[in-house]
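Student: Hi! Could you walk me through this structure? I'd like to start with the inside.

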Amino acid sequence: MSGDGDGTHFTLLGSAGVLGIAELADHYRYPDDLGACWVRANMIASADGGATSAGTSGALGGDGDRAVFATLRALCDVVVVGAQTVRAENYSGVHFGAAERQARQRRGQAEVPPIAVLTRTGHLDHDAKLFAATEVPPLILTSSQAVEDTRTRLGSAAEVIDCSGAQSDSVDPHTALARLAERGLTRVLTEGGPAILGLLTAAGLLDELCLTVAPLLLGGVGGRIVAGAGEAHTAMTLEQALRDDHGYLYLRYVRRRGGGAG
């Protein structure tokens, strides 16, 4: 109810039928003919806003969430994550079967998207799954100050890219996306963590948020899906809402043009 008659209207979202996993890709297509990066985030939170359980986001998920996760990865050109998320979630490279590879080939994409890690220091364990369990070397998007040391430590295990802007000791998100676009990696999927989403949101670079709401309450002191030193107001439009048989909600928000970060 609107209470004070302020003109607010509520719409009960209906169902147009049941979707199978194979049909998810049609509902999560990237815009066509991208000339620059389109940045999509995929995150999960509990009904009371908790972003992790026992230190990881994966503990919140179910079968439907994993299906959406796999679909979003299958559609992207590159998966962007922060170094803290790589360590906490023990990230490896992306792995696909024959069907996903063929579908990507038909779309003109590489068979497997690389993982791109945003890290100011470049401090990543050379023996981590990120480097040992992957078909394609990850991209390390780091600062000017850390480039040479990171290249020396990682060698051929990764492509290390200078992504500093005016400040040589930090990663500039605009520069990082420009470097990805130069490589034809315009369909960007970021899987966090919260600091990376905060960085992209504050810079007005997050175009889309795919949010899974898990049907549970966490309580405690767990963080949110977006973190940062200050507020960054970004107006979003709800484009799609799905649910599964286990009560999970899958919400897709797109940034409202003219309603960027403030």
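**A chat about the cavity and the rings**

Tutor: Happy to! α7 gives the most to the lining of the largest cavity, with four residues. Helices here are DSSP runs of H or I with at least four residues, strands are E runs of at least two, and both are numbered from the N terminus. This is a predicted model, where local features need pLDDT of at least 70, side-chain atom pairs count only at pLDDT 80 or more, and totals for chains, interfaces and linings use all residues. Residues are numbered from 1 along each chain as its sequence is written, and side-chain values use heavy atoms, with hydrogens and water left out.

Student: What volume does the largest cavity have?

Tutor: About 60 Å³, and the structure holds one cavity of 30 Å³ or more. A cavity is a set of points on a 1 Å grid over the protein atoms alone where a 1.4 Å probe fits but cannot get out, and lining residues have an atom within 4 Å of a point. Points are joined across faces, edges and corners, and the volume is the space filled by probe spheres set on them.

Student: Which residues line the largest cavity?

Tutor: Among them are Val39, Val80, Leu118, Pro173, Ala176, Leu177, Leu180, Val188 and Thr190. Both α7 (173-182) and β6 (187-190) supply at least two residues of that lining.

Student: And how does the lining divide into nonpolar, polar and charged?

Tutor: Ten nonpolar, one polar and no charged. Ala, Val, Leu, Ile, Met, Phe, Trp, Tyr, Cys and Pro count as nonpolar, Asp, Glu, Lys and Arg as charged, and the others, Gly among them, as polar.

Student: Back to α7, which of its residues are buried?

Tutor: Pro173, Thr175, Ala176, Leu177 and Leu180 are buried; that label means under 20% relative accessible area, with exposed over 50% and partly exposed in between (1.4 Å probe, protein chains only). Just after α7, Gly184 has a positive phi of about 80°.

Student: New topic: how many aromatic pairs are there in the whole structure?

Tutor: A search finds one. Tyr248 and Tyr250 are stacked, at 6.5 Å centre to centre with 15° between the planes. Rings of Phe, Tyr and Trp (its six-membered ring) pair if their centres lie within 6.5 Å; planes under 30 degrees apart are stacked, over 60 edge-to-face, and the rest tilted.

Student: Are those two buried or exposed?

Tutor: Tyr248 is buried at 10% relative accessible area, and Tyr250 is buried at 5%.

Methods
On a 1 Å grid over the protein atoms alone, a cavity is a set of points where a 1.4 Å probe fits but cannot get out, and a pocket is an open set with protein on both sides within 12 Å along at least five of seven lines; lining residues have an atom within 4 Å of a point.
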